Amino acid sequence: MRRGLKAAWPIALGYFPVAVAFGALGTQAGLPYPWVQLTSLLVFAGASQFALVGLLAQGVPPLLAASLGLLLNLRHAFYGPALRPYLKGGPLEAFFLTDEVFALALKALPGLLPRERRGYFLGLGLGAYLSWNLGTAMGALGSKGLLAWPALGAALSFALPALFLLLALPHLKNPAALLAGGVALAFHLLGQTAWGLFLAGVLGLLWGRKP
């Protein structure tokens, strides 16, 4: 696990500023600090948490807001089959699985011994989790000072897409990744981003199963 924890530093570095932004926006939306922190402790899914806080702030019933957040995370269903040849998953592995952890694990796990893979993956997830929760606490508790700088919010929100692009670059030699990325981009340009992500996931999964 220690090796994975050390390897998680790029993810932690990218997660921290985004989590600070999430914590600040959550408290500014009127949610008490314990609730903001609890979403990071129990949900641990950036896009879903931002959506959840936004919907709750607009008065959407909590159950409906949680359901929409769950739909956003359905893309993770495509990650499991890609990691299955290298890792036998369980509830803890599923909880720690994020876009960035997946990208880094898919690159590293094939080069590790089978007995090292679970500890490495859990180390990656734990590093990301600690960073996300620490950032949430700092953002929520120091929101008044942070939001006094309007440009800071935009800069913080850019950190996560930049990190994911950096982690995705090594996979661009993979034809399946190129095809899936091309489909996602084409549908995004047509204004159908959600369908593009879904089809890209299906194509990547089917391509990966080719003998």
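Student: Which residues make the nonpolar surface patch of about 480 Å²?

Tutor: This is a predicted model, in which local features need pLDDT of at least 70 and side-chain atom pairs count only at pLDDT 80 or more, while totals for chains, interfaces and linings use all residues. Residues are numbered from 1 along each chain as its sequence is written, and side-chain values use heavy atoms, with hydrogens and water left out. The nonpolar surface patch of about 480 Å² is made by Trp35, Leu38, Leu41, Leu42 and Val43.

Student: Is Trp35 buried or exposed?

Tutor: Trp35 is found in helix α3. Buried means under 20% relative accessible area and exposed over 50%, with partly exposed in between (1.4 Å probe, protein chains only). Because its relative accessible area is 56%, Trp35 is exposed.

Student: Which residue has a positive phi of about 50 degrees although it is not a glycine?

Tutor: Most residues other than glycine have a negative phi. The residue in question is found in the loop between α3 (33–42) and α4 (46–57), and it counts as buried because its relative accessibility is 4%. The residue with this positive phi is Phe44.

Student: How are α8 and α9 oriented to each other, roughly parallel or roughly antiparallel?

Tutor: Helix α8 (residues 99–108) and helix α9 (residues 114–141) have axes 10 Å apart and pack at an angle of about 155 degrees. Angles under 35 degrees count as roughly parallel, over 145 as roughly antiparallel, 65 to 115 as roughly perpendicular and the rest as oblique. Therefore α8 and α9 are roughly antiparallel.

Methods
Helix = DSSP H or I, 4+ residues; strand = E, 2+ residues; numbered from the N terminus. Patch = residues over 30% accessible without salt bridge, like charges linked within 9 Å, V, L, I, M, F, W, Y side chains within 5 Å. Areas by Shrake-Rupley, 256 points an atom, 1.4 Å probe, with all protein chains shown as cover. Salt bridge = Lys/Arg side-chain N within 4 Å of Asp/Glu carboxyl O. Axes fitted to C-alpha atoms, helices over the stretch in contact; angles between N-to-C directions.
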